[in-house]
Amino acid sequence: IAVSETNRDWPPILAELLNRLAICDWEVAPVAQDLTVSSSQLIKILKQSSIAWIAVNRKRTALGKHAFK
């Protein structure tokens, strides 16, 4: 998946990714598998938004999971 933050589709794409992550308890692998992309590709997309990246890591650590680097 290649999409820039300047793309008009970025906000709904990011929202969909965050919704799917929330449903999967903030685990990247099942979301990536569902979207037929690698976990590293999904993480790369999330890293494009520092706000989303921080939010995902906060949610993960609140559940006792490790934060992504």
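1. Leaving aside neighbours within four places in sequence, asparagine 57 is in contact with Ala67 and Phe68. The model is a predicted one, and the contacts described here should be read as such. Asparagine 57 is part of helix α4. Its relative accessible area is 10%, so the residue is classed as buried, the cut-off being under 20%.

2. Alanine 52 also belongs to helix α4. This residue is buried, at a relative accessible area of 5%. Apart from residues up to four places away in sequence, alanine 52 touches Leu14, Leu18 and Leu46. For one of these, leucine 14, the separation from alanine 52 is 38 residues in sequence, while the C-alpha to C-alpha distance is 8.2 Å.

3. Helix α3 spans residues 39-47, and its buried residues are Leu42, Ile43, Ile45 and Leu46. Viewed down the axis of α3, the buried residues fall within an arc of 155°, so they line one face of the helix. An α-helix has 3.6 residues a turn, so residues three or four places apart point the same way.

4. Ser40 and Lys44 are exposed, and they sit on the face of α3 turned away from its buried side.

5. The cover over the buried residues of α3 includes α1 (10-23), α2 (28-34) and α4 (50-62).

Key
Residues numbered from 1 in each chain as written. Predicted model: local features only at pLDDT ≥ 70, side-chain atom pairs only at ≥ 80, totals over all residues. Heavy atoms only, no water. Buried < 20%, exposed > 50% of the residue type's maximum accessible area, 1.4 Å probe, protein only. Helix = DSSP H or I, 4+ residues; strand = E, 2+ residues; numbered from the N terminus. Arc of directions from axis to C-beta. Contact = heavy atoms within 4.5 Å.
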